[in-house]
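Thank you for passing this model along for comment. Please read the points below alongside the coordinates.

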Amino acid sequence: MCDSARCPQATHHPCHRPVWAEHADKTKIFIGQLGTTRKTERTRLQVDFDRALRVVAEIDAARTGMSEESA
């Protein structure tokens, strides 16, 4: 799960999408199970969840852009 925000050589391709999507799903479930007193952990996990969603969206956008170019 390379972070393109920290590493200029990190790339995300369609083959990486299932891992990121699963990570987002599991993180969302975990956030929902946290108690109300776990604010710091909730904040940290929310940032991670948002990042996973962003990566999935970018992979989807790149895939859509590639299919439009070949048409």
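The numbered points that follow go from the basis of the model to the chain as a whole, then to one helix and one of its residues.

1. This is a predicted model, in which local features need pLDDT of at least 70 and side-chain atom pairs count only at pLDDT 80 or more, while totals for chains, interfaces and linings use all residues. Residues are numbered from 1 along each chain as its sequence is written, and side-chain values use heavy atoms, with hydrogens and water left out.

2. The protein chain has two helices and zero strands (DSSP runs, H or I of at least four residues for helices and E of at least two for strands, numbered from the N terminus). Of its 71 residues, 24% count as buried (under 20% relative accessible area, with exposed meaning over 50% and partly exposed in between, for a 1.4 Å probe and protein chains only).

3. Helix α1 covers residues 17-33 and reaches 25 Å from its first C-alpha to its last, close to the 24 Å expected at 1.5 Å a residue (that is, 1.5 Å times one less than the number of residues).

4. Within α1, the residues Trp20, Ala21, Ala24, Thr27 and Ile31 are buried. They lie on the same side of α1, because they cover an arc of only 130° around the axis (taken from the directions from the helix axis to the C-beta atoms). On the other side of α1, Pro18, Lys26, Ile29 and Gln33 are exposed.

5. Arg17, also in α1, is partly exposed, with a relative accessible area of 26%. Leaving aside neighbours within four places in sequence, Arg17 is in contact with Val56, Ile59, Asp60 and Arg63 (heavy atoms within 4.5 Å). The C-alpha atoms of Arg17 and Val56 are separated by 6.0 Å, although these residues are 39 apart along the chain.
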